[in-house]
Amino acid sequence: MKPSAVRKHKTPPALGTGNMFPLIIKMAVPPMISMLIQSLYNIVDSIFVARLSSDALSAVSIIFPIQNLSLALAVGAGVGLNSYIARNMGAGNTEAAHDAPAVGMILTLFHYIILAGLSCLFIPAFVSMYTEDPAVRSMCYSYGYIVMIFSFGQLFHITAEKILQATGHMAAPLVMVGIGCVINVILDPIMIFGLFGCPAMGVAGAAAATVIGQIVSGSLGVLLVARGKAGLPLRRLRRGRLTGSVLKQIYSVAIPSSMIMALPSVLVAGMNWILSGFARMAVTVFGVYYKLQTFVYMPVNGLVQGIRPVIAFNYGAGDRKRESEAVRLSLLISAVIMAAGLLLSQLIPVPVLKIFNSDPEMLSMGETALRIISVGFVPSALSLITSAVFESVGKGLLSLSVTLLRQLVIVLPLAFLFSRIAGLPGAWASLPAAEILTAVYSAVILLRELRPSSGHHSSFSSKDASGFRHC
């Protein structure tokens, strides 16, 4: 980059000098709420289609991994863009930061074409892995094709959200996703059951309501970025600005982050295959659990979104003390959230499960599953924050290693082994076991990064390392 293109960017007080605890709360609460609202898309669909039949609920649960995979890849790309913007702002590289919105929109269009095409191509083969029932398969196709062909609304919404969050604007994304979710909630019963003159569309109606809400959110997000809400102009990309160096900086974080976000889809698909060997109801129970656990994990994921710009900015600015302080406080907050989820799962599992279905078999099986799986909530807080720290400072592979252990390398082999030893409860027990083992690994690699004698570059100072060990 030419020297004239590098100008000292005025440090945003919130990111550079603000008191850390109020800053984290201010940055994290809007995305926490936003993530909770966004998770309602699939949850609300499941609640309404459960009123149709258990087959309809199974169909939505089967398609969930594909739907989540698309979301994962979009969020991963957004995280790469977010980190790129924040690091360049912290380092004073304003020209690079100002080019980022246009780069992000171009890449999003490219991602949509690939994702929609591949998803629709593989939906029939994917569905055939889990059911031979013609009625269930038909509902899977109806729901899956609609949510994937019209997924561009979700992708552009996420890109706009990450651009806004990178510059400290956390409230606007909340408004975007809130409007989309309200539209989805209103349209779901109308389009599913055929109210107010609308034809009854069943699961296709649930999919249509979802994509309409997403398109509205995405359109609003692009409009906000285009009008300068992020403080970065959505200008025409100048010739030569979309270089290999820029793509490398974005995708070095985006690819590991996308893999991290995609792993839950692999986990769900793998668990569904193992659980289908016991009963189809076990697959339904796991689908219901996975929707319920979003109410616990999404606030922490929102916290992660809030701390990423803080850590990335101060990393770029060389302020190691503020990085370390952000990590300590984030660990504490996430542990409290996870502890609350554990208590609710242990104390009132049945009332929570009844939100989706009152089938006695589902409630009995679901109560056991929820009590066992929730034991892993608190240990997972350390892994989630560790992964976010390494993403923020551009060390995507270390971040990926944490999530690979949590949701693939440990859990699926354990689920297969435990289920052969202890049956269905053994399969449930593999999830908290994987969380505990991964938490141990996370503590080791994070402390290794902090330890002055580690012999390699650390993103934290040695003085902060000693303080962090007491958190």
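This is a predicted model: local features need pLDDT of at least 70, side-chain atom pairs count only at pLDDT 80 or more; totals for chains, interfaces and linings use all residues.
Hi everyone, let me start with helix α16, which is mostly covered: 10 of its 14 residues are buried. The buried ones in α16 include Gly396, Leu398, Leu400, Val402 and Leu405. Arg406 and Gln407 are on that list too. The helix, which runs over residues 396–409, also has a kink of about 30°. Where is that kink centred? On Thr403, and Thr403 is itself among the buried residues of α16.

A pair of aromatic rings is described by the distance of the centres and the angle of the planes. How many aromatic pairs does the count come to? It comes to 8. Let me show you two of them.

One is Phe286 with Tyr289, a tilted pair, with 5.9 Å from centre to centre and 35° between the planes. These two residues sit in helix α10, residues 280–292, and they are 3 residues apart, about one turn of the helix. Are Phe286 and Tyr289 buried or exposed? Both are buried.

The other is Tyr297 with Phe377. Here the ring centres are 5.6 Å apart and the planes stand at 90°, so this pair is edge-to-face. Why do we call Tyr297 buried? Because its relative accessible area is 8%, and buried means under 20%. Phe377 has a relative accessible area of 1%, so Phe377 is buried as well.

Before we leave the rings, go back to Phe286 and Tyr289 for a moment. Together with Tyr290 and Trp428, they form one aromatic cluster.

Last topic: empty space. Rolling a probe the size of a water molecule over the atoms shows where empty space is left. The largest pocket holds about 460 Å³. Its lining is made up of 21 residues. Which of them lie nearest the centre of the pocket? Those are Leu69, Ser70, Leu73, Leu115 and Leu118. The elements giving two or more residues to this lining are α3 (54–90), α4 (94–128) and α9 (244–275).

Conventions:
Residues are numbered from 1 along each chain as its sequence is written. Side-chain values use heavy atoms; hydrogens and water are left out. On a 1 Å grid over the protein atoms alone, a cavity is a set of points where a 1.4 Å probe fits but cannot get out, and a pocket is an open set with protein on both sides within 12 Å along at least five of seven lines; lining residues have an atom within 4 Å of a point. Grid points are joined across faces, edges and corners, and a volume is the space filled by probe spheres set on the points. Helices (H or I, at least four residues) and strands (E, at least two) are DSSP runs, numbered from the N terminus. Rings of Phe, Tyr and Trp (its six-membered ring) pair if their centres lie within 6.5 Å; planes under 30 degrees apart count as stacked, over 60 as edge-to-face and the rest as tilted. Buried means under 20% relative accessible area, exposed over 50%, partly exposed in between (1.4 Å probe, protein chains only). The bend at a residue is the angle between axes fitted to the seven residues ending there and the seven starting there.
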